[in-house]
Every structure is written in structure tokens, then in C-alpha cells.
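Subject: Structure handover

Hello,

Here is the structure for your files. My notes on it follow below.

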Amino acid sequence: MKTLKVIKIGGNIIDDEQVLNHFLERFSKIEGPKILVHGGGKLATKLANKMGVEVKMTNGRRITDADTLDIITMVYAGKINKNIIAKLQTKQCNAIGFSGADGNTIVSERRPIKDVDFGFVGDVLKVNTNTLEVLLNAGVTPVFCAITHDENGQLLNTNADTIASELAIGFANIFKTELYYCFEKNGVLQNVSDDNSVIEHINSENYKALINDGIIADGMLPKLNNCFHAINHNVDKVCIGKPEMLFKSNIKYTTIQG
Ligand SMILES: Nc1ncnc2c1ncn2[C@@H]1O[C@H](COP(=O)(O)OP(=O)(O)O)[C@@H](O)[C@H]1O
Ligand SMILES: CC(=O)N[C@@H](CCC(=O)OP(=O)(O)O)C(=O)O
């Protein structure tokens, strides 16, 4: 079985032109099938502020009204995705940009209203691997933004970490699948302001303790939920850290264990 690497990059990598170029240079050289997933929440927030559209976040998720959906579609599926594709083409990496609507690759349903109405936010129902598998086997690299669709013509905003974990799970019976969450820190940290305090292994036991002790908070909570979801659904390897974890052997990062 071939190994598929699903790699997610967060806002802090996308926002910095130099960091992004350096990452894409090394990403393009990774051999074998690979999928890149990008966020871009920070840029969407910046543009919404500029356009006078109020930004509302709850539990790390963006409340997405019709104006916000327009903005995130322009930012995620347009500006960020197409810039990444153009850069990869300069590095001999033949990439194609995807939202979940393209090729009907990721189908979601609008999140039901419970305590909060998230608006046009989608929870993933299904990943269709057929088209993507053909592309991967032909050496083409799919690059996903954080947008899905409901098969009734409605685009939906879906967190990029979730897109990455659902893609990894979707391919877990076709490839040996590895999921890498790249962000600006060395991994999950014991002390969030000390990059040397990497917690190298997290399992469901120490995870609970880390939450209770307030060590894991903010965006790290949904990220780790996605990690456990993946490792419990046949994904072989789930890691969180700086992009260097993909390219160097002497680097510390966090590995998730089931
Ligand atoms: N224990 C922790 N270790 C590392 N980061 C943490 C921790 N607890 C909270 N965080 C926060 O989680 C953030 C990462 O989540 P998020 O911003 O959603 O990531 P991304 O940039 O991938 O979208 C970090 O920037 C950090 O501020
Ligand atoms: C529903 C929801 O919250 N979607 C996210 C999608 C982008 C994202 O996940 O970007 P980062 O990975 O850079 O945070 C949002 O709009 O912020």
C-alpha cells in the first residue's frame, strides 16, 4: 500500500509570503501522493473588518452569514487557493485547487441549530475519493480550501482542520494515511509560550488531564478533537508541529496515539 500524506497549513504560514514560499518549496519535493489543505481564517477576518462585515466566532468556529460566506469564498477558494496553486506550478508540482464542491469531493450538511446558529457552516457527511484517487495516482496534487457543499447548490464553510482529518479518514482504506497539522509552534506545548516544552505523545488519557489543567485551550481544542477522530478511524499517523517535522529527523513534535 502506498502512503498518502495529508498536510494542513494554518493561517500563520499562509500569511507570511516568505514562510509560505519556503514551505511550498519543500512541500513540492515530497515524493508520493500528497494532499495540501489550507486555512486562511485570519485573512478572512482582516478582509471582513475592512469591508465592515462583523466577525463573530464561537468555540473557534466562524458564524457565517451570507455576506461572510461571500468573503470566505473569495478569500479561501479564490485568493489563497489560486496563489498556492500558481506558486506550486513554479516548483514543478502539478497542483489542482479544490473546494468540496469541485468534483463533488466533500459533501456536508448545514450544521443544525442547537444553542448557536452557525449560519452557512457545514459538517462533513461524505468524502468522495474516486476523482481524487485518479489524480493522486497520476502524480497530481490536490490543494483543498475550507469550503464544502451540500449537493443542493449551497456552499458551506468548514474548518480546515476538519477537512484535513475527513480527507485522511476517507483515504484510510486506499492508502496508508498520514495526517500532519503544521502551525507556528513546535507542537502541543506544556507551556504555550515556551516552544521547548513540546508534549511528544498525547493519548486519550493524558488529553483529558491536559484539558482539565487548562494546558490545552483555544484553537488547540478542536484541532485535537480532529486528531483523535482521525486516529480512531484508521489513519496511521497524526502529528502536530512546525512544517520542519516533515523534512527533518531531529525535530520534536507531537504525535497522537489512540
Ligand atoms: N497547549 C498548547 N500548545 C500549543 N498551542 C496552543 C496550546 N493551547 C492553545 N494553543 C493555541 O492554539 C493555536 C492553534 O490553533 P489554531 O489557531 O486553530 O491553529 P491554525 O493556525 O492551525 O489554524 C495556537 O496558536 C495557540 O495559541
Ligand atoms: C467554520 C469555520 O470556522 N471555518 C474556518 C475555515 C478557515 C480555517 O479553518 O482557517 P485556519 O485553519 O487558518 O484557522 C473559518 O472561517 O475561520
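Before the rest, the conventions. This is a predicted model, in which local features need pLDDT of at least 70 and side-chain atom pairs count only at pLDDT 80 or more, while totals for chains, interfaces and linings use all residues. Residues are numbered from 1 along each chain as its sequence is written, chains are lettered from A and ligands numbered from 1 in the order in which they are written, and side-chain values use heavy atoms, with hydrogens and water left out.

Ligand 1

Polar contacts (pairs of N or O atoms within 3.5 Å) include one between an oxygen atom of ligand 1 and an N or O atom in the side chain of Glu184, at 2.8 Å. A nitrogen atom of ligand 1 is 2.9 Å from a backbone N or O atom of Leu189, and an oxygen atom of the ligand is 3.5 Å from a polar backbone atom of Met220. On its own, ligand 1 has 570 Å² of accessible area (Shrake-Rupley method, 1.4 Å probe), of which the protein covers 81%.

Ligand 2

Around ligand 2 there are 14 residues, with Lys8, Arg62, Tyr76, Asn157 and Ala160 coming nearest. Its shell holds four nonpolar, seven polar and three charged residues. Oxygen atoms of ligand 2 lie 3.0 Å from a polar backbone atom of Gly40 and 3.2 Å from one of Gly41. A side-chain N or O atom of Asn159 is 3.3 Å from an oxygen atom of ligand 2. The protein covers 89% of the 430 Å² of accessible area that ligand 2 has on its own.

Aromatic pairs

The whole structure has five aromatic pairs, that is, rings of Phe, Tyr or Trp (its six-membered ring) with centres within 6.5 Å; planes under 30 degrees apart are stacked, over 60 edge-to-face, and the rest tilted. One of them, Phe23 with Phe247, is edge-to-face, at 6.4 Å centre to centre and 65 degrees between the planes.

Regards

Technical notes:
Near = heavy atom within 4 Å. Polar contact = N/O pair within 3.5 Å; in protein donor to acceptor, adjacent residues only side chain to side chain. Nonpolar A, V, L, I, M, F, W, Y, C, P; charged D, E, K, R; others polar.
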